[in-house]
Amino acid sequence: MEKQLTPDQLAEHGQRLYRSGKYLEAAEQFEKASKAFTELGDVLKSAEMANNRSVALLQAGDAQGALDACAGTEQIFHNAGDTEREGVAIANYAAALEGLNRLEEALEHYQRAAALFKQINQSEMRAVVLKAISSLQIRTNRQFEALASMDAALEEQKKLSLRERLLKKIIDLPFKMIGKK
């Protein structure tokens with residue numbers, strides 16, 4: 001008879017599988033963990049595991065599964081007053097929408113997530129989301145908006161790599177030319 005794992009052990013196993021690139025297996029473990037946390041009455045941990053499952057499914061190429069996995073979790077975090085995890089859930093939902101090529105919807109969700117991260121001064125997460133916004137803006141032919149979003153993302157980061165410093169200088173050029181910096 002197989003030993004019953006605790007919800008935390010299921011989550012840890014899912015993380016190990018994810019780190020080793022076994023995304024579908026990780027998603028399965030996160031789903032088991034989510035259900036186990038639900039049985040314990042821990043809806044926040046359950047929603048977190050649903051988001052982990054979403055990320056794993058997206059990595060495995062299942063954008064629809066990723067969308068379905070995290071749908072509604074942002075409301076759970078919102079109701080609990082957990083703004084950071086609410087923002088992460090919205091960003092995960094946006095990433096799944098992007099994977100489904102629903103770019104305008106994805107952009108709206110990323111912008112909501114960025115606003116939440118700004119509200120709670122979560123610069124690192126906001127920078128990640130702003131970079132995703134910039135990428136989407138380029139894909140939807142909004143080059144100037146994309147430059148502004150990338151500039152904002154780089155401004156949020158405390159430390160820039162050499163590549164990012166160069167990018168910042170390049171981005172600053174058009175803004176200087178039009179008198180915005």
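Buried here means under 20% relative accessible area, exposed means over 50%, and partly exposed covers what lies in between (1.4 Å probe, protein chains only). With those terms in hand, let us walk through the structure.

This is a predicted model, in which local features need pLDDT of at least 70 and side-chain atom pairs count only at pLDDT 80 or more, while totals for chains, interfaces and linings use all residues. Residues are numbered from 1 along each chain as its sequence is written, and side-chain values use heavy atoms, with hydrogens and water left out.

Start with the overall build. The protein chain has 10 helices and 0 strands, where helices (H or I, at least four residues) and strands (E, at least two) are DSSP runs numbered from the N terminus. Read along the sequence, the pattern is α-α-α-α-α-α-α-α-α-α. Along the principal axes, the C-alpha atoms fill a box of roughly 70 × 30 × 30 Å. Of the 181 residues in the protein chain, 42% are buried. The chain exposes about 10400 Å², and carbon and sulfur atoms supply 52% of that area; accessible areas come from the Shrake-Rupley method with a 1.4 Å probe, and for residues only the protein chains shown count as cover. Among contacts (heavy atoms within 4.5 Å) with a separation of 6 or more, 47% are between residues 24 or more positions apart.

Arg 126 has its place in helix α8, and it counts as buried because its relative accessibility is 12%. Apart from residues up to four places away in sequence, Arg 126 touches Ala 114, Phe 117, Lys 118 and Glu 156.

Next, turn to α4. This helix is largely enclosed by the rest of the structure, because 6 of its 8 residues are buried. The buried ones are Ala 63, Gly 65, Ala 66, Leu 67, Ala 69 and Cys 70, and what covers them includes α3, α5 (73-79) and α6. Just after α4, Gly 72 takes a positive phi of about 85 degrees.

Positive phi values also turn up in two asparagines. Asn 101 lies in the loop between α6 (83-99) and α7 (103-119), and its phi is near 65 degrees, a positive value in a residue other than glycine. Asn 101 counts as exposed because its relative accessibility is 52%. Asn 121 lies in the loop between α7 and α8 (123-139) and has a positive phi of about 55 degrees, although it is not a glycine. With 67% relative accessibility, Asn 121 counts as exposed.

Finally, consider the open space. A pocket is found on a 1 Å grid over the protein atoms alone: whereas a cavity is a set of points where a 1.4 Å probe fits but cannot get out, a pocket is an open set with protein on both sides within 12 Å along at least five of seven lines, and lining residues have an atom within 4 Å of a point. Grid points are joined across faces, edges and corners, and a volume is the space filled by probe spheres set on the points. About 270 Å³ of space lies in the largest pocket. Of the 13 residues that line it, the closest to its centre are Gln 4, Leu 5, Leu 10, Lys 32 and Ala 36. Helices α1 (7-19) and α2 (23-40) each supply at least two lining residues, and α2 gives the most, with 6 residues.

Ala 36 itself sits in helix α2 and counts as buried because its relative accessibility is 15%. Leaving aside neighbours within four places in sequence, Ala 36 is in contact with Pro 7 and Leu 10.
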